[in-house]
Amino acid sequence: MTNAATVTHYAALITTESLTTAHTAAATLVITKVGVVAGDYAITSMVGGTNTGGVPVFKAVCTTDTVTITLQNNAIATNAFNGTFIFALVVLHKV
């Protein structure tokens, strides 16, 4: 699974590859954006995709030139992800 992207703006739509992440497992998406620093705020929202399985829970963290989105499948039973996810991402610089 690659789940890596490079963006040129501080706002973007990110589409994952088709995921088959099992329940209680996580997938990581690494987005490269030069100029992002640790402490910046990554605001993300799931806005679509083809997935109909699992229970997705996600968070985004900024580090130097990178935003990492962790997508956890919090399903209780064997209910894997079965498709793509689309995230809206906005990065705000910490003042």
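These are my notebook entries on a predicted model.

**Ground rules.** I number residues from 1 along each chain as its sequence is written, and I use heavy atoms for side-chain values, with hydrogens and water left out. Because the model is predicted, local features need pLDDT of at least 70 and side-chain atom pairs count only at pLDDT 80 or more, while totals for chains, interfaces and linings use all residues.

**Sheet.** I looked up the strands (E runs in DSSP of at least two residues, numbered from the N terminus). Four of them form an open sheet with mixed pairing, in the order β1-β3-β6-β5; strands pair if DSSP finds at least two bridges between them. I noted β1 (4-6) and β5 (56-63) as the edge strands, each pairing on one side only. Eight bridges join β5 to β6 (residues 66-73) in the antiparallel sense. I found Thr 66 in β6 as the bridge partner of Thr 63.

Beyond its neighbours within four places in sequence, Phe 87 has contacts including Ile 14, Leu 29 and Leu 71; contact means heavy atoms within 4.5 Å.

**Glu 17.** I found Glu 17 in the loop between β2 (11-15) and β3 (26-32). Glu 17 counts as partly exposed because its relative accessibility is 31%; buried is under 20%, exposed over 50%, and partly exposed in between (1.4 Å probe, protein chains only). From Glu 17 to Leu 29 I noted twelve residues in sequence and 9.8 Å in space, C-alpha to C-alpha.

Notes: Helix = DSSP H or I, 4+ residues; strand = E, 2+ residues; numbered from the N terminus.
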